Amino acid sequence: MKLTLKVWRQARPDAPGRLVNYAVDNIPSDMSFLEMLDVLNEDLIKKGEDPVAFDSDCREGICGTCGLVVNGIPHGPDRGSTVCQLHMRRFKDGDTITIEPWRARAFPVIKDLVVDRTAFDRIIRAGGFVSINVGSGPDGNAIPVPRDIAERAMDMAACIGCGACVAACKNASAALFTSAKITHLGLLPQGAPERHRRVMKMVEQMDTEGFGSCSNEGECEAVCPKEISISGIARMNRDFLKATLTRRPDSTAAGFGA
Ligand code: SF4
Ligand code: FES
């Protein structure tokens with residue numbers, strides 16, 4: 001395949017960026033999208049030019065490190081898939097492909113296609129954990145958890161923290177990511193004692209980081225590689241309201257499930 005790539009190039013966080021055209025040739029259709037970028041970079045290095053900076057690690061949809069906007073869609077055209085799982089067979093010979101970084105004020109560009117997603121780490125640090133001693137594995141499992149609740153918690157735990165939800169949202173809201181973490185922990189008995197305190201702290205941190213508010217657009221769910229449901233956002237908002245009204249952020253009466 002012969003392709004024209006329009007790639008966002010930006011030397012530094014404070015430098016102006018622009019789309020630069022590159023031609024790539026002899027790309028096999030079974031090559032992955034990131035391997036295609038590796039080929040481009042090898043060509044650039046051979047020519048003595050600066051290679052395109054982009055993030056990746058596992059390259060199998062697990063780690064959440066990769067993140068590119070391909071032709072305007074975070075992670076590209078395949079639903080329920082990360083950009084590292086995208087293959088060139090999805091494109092046609094002669095296509096022009098535009099490749100941009102996540103665009104959100106809370107995710108500033110570091111270089112080219114690499115953005116700073118440490119805002120997510122700070123949201124987790126604000127409360128996305130269980131701080132009580134829950135004992136060893138068997139002790140934890142001694143508490144019966146209804147199967148549907150365990151499955152809903154696992155669905156939310158599938159979030160890989162990639163940030164595509166933010167990139168797709170016109171408000172650059174982090175509500176899907178934050179609600180996935182809050183719901184995953186709040187649904188389980190181990191996470192229930194801190195349920196209200198957690199939601200208040202994590203939502204507060206999400207606002208502090210400069211993410212926008214959720215206006216129920218649903219774009220986040222549409223691009224999420226793990227197909228996290230926006231029902232978690234409703235649950236997060238309900239928990240936040242309850243925590244605010246009861247003013248008992250440490251309430252153990254929060255319970256689990258529901
Ligand atoms: S909710 Fe989905 S899109 Fe957002 S960070 Fe988690 S896995 Fe990525
Ligand atoms: S590189 Fe790990 S999910 Fe894409």
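Modeller: Start with one convention. Helices are DSSP runs of at least four residues, strands are DSSP runs of at least two, and both are numbered from the N terminus. Remember too that this is a predicted model.

Biologist: How many helices and strands are there in the protein?

Modeller: The protein has nine helices and seven strands. Its C-alpha atoms fill a box of roughly 65 × 35 × 30 Å along the principal axes.

Biologist: Let me try a single residue. Where is the place of S81?

Modeller: S81 sits in a loop, between strand 4 (73-74) and strand 5 (96-100).

Biologist: Is S81 buried or exposed?

Modeller: Buried means under 20% relative accessible area. S81 has 8%, so S81 is buried. Setting aside neighbours within four places in sequence, S81 contacts H75, L86 and P225.

Biologist: What share of the 258 residues do buried residues make up?

Modeller: Buried residues are 46% of the 258. Take contacts between residues at least 6 apart in sequence: 71% of them join residues at least 24 apart.

Biologist: Now the nonpolar cores. Which residues touch the most other members of the largest one?

Modeller: The largest nonpolar core has 38 residues, and F107, F120, V166, F211 and M236 touch the most other members. Two or more residues come from each of helix 2 (118-127), helix 5 (164-168), helix 6 (175-186), helix 7 (195-208), helix 8 (219-223) and helix 9 (231-246). A second, separate core holds 29 residues, including L5, V24, F33 and F91.

Biologist: What is F120 in contact with, leaving aside its neighbours within four places in sequence?

Modeller: F120 meets F107, G161, C162, G163, V166, A174, F177 and F211.

Biologist: How do I read a pair of packed helices?

Modeller: Two packed helices are described by the angle between their axes and the distance between the axes. The axes of helix 6 and helix 7 come within 10 Å and cross at roughly 165 degrees.

Biologist: Are helix 6 and helix 7 roughly parallel or antiparallel?

Modeller: Angles over 145 degrees count as roughly antiparallel. Helix 6 and helix 7 are therefore roughly antiparallel to each other. Helix 6 passes helix 7 in a right-handed crossing. On the helix 6 side, A175, T178, K181, I182, L185 and G186 make the contact; on the helix 7 side, R195, R198, V199, M202, V203 and M206 do. The contact residues divide into seven nonpolar, two polar and three charged.

Biologist: Next pair. At roughly what angle do the axes of helix 2 and helix 6 cross?

Modeller: Their axes cross at roughly 30 degrees and come within 11 Å. Angles under 35 degrees count as roughly parallel. Helix 2 and helix 6 are therefore roughly parallel. Their crossing is right-handed.

Biologist: Which residues of helix 2 and helix 6 meet?

Modeller: F120, I123 and I124 of helix 2 meet F177, T178 and K181 of helix 6. Four of these contact residues are nonpolar, one is polar and one is charged.

Methods
Residues numbered from 1 in each chain as written. Chains lettered and ligands numbered in written order. Predicted model: local features only at pLDDT ≥ 70, side-chain atom pairs only at ≥ 80, totals over all residues. Heavy atoms only, no water. Core = buried A, V, L, I, M, F, W, Y, C linked by side-chain atoms within 4.5 Å. Buried < 20%, exposed > 50% of the residue type's maximum accessible area, 1.4 Å probe, protein only. Contact = heavy atoms within 4.5 Å. Axes fitted to C-alpha atoms, helices over the stretch in contact; angles between N-to-C directions. Parallel < 35°, antiparallel > 145°, perpendicular 65-115°, else oblique. Left-handed = near helix turned anticlockwise from the far one by under 90°. Nonpolar A, V, L, I, M, F, W, Y, C, P; charged D, E, K, R; others polar.
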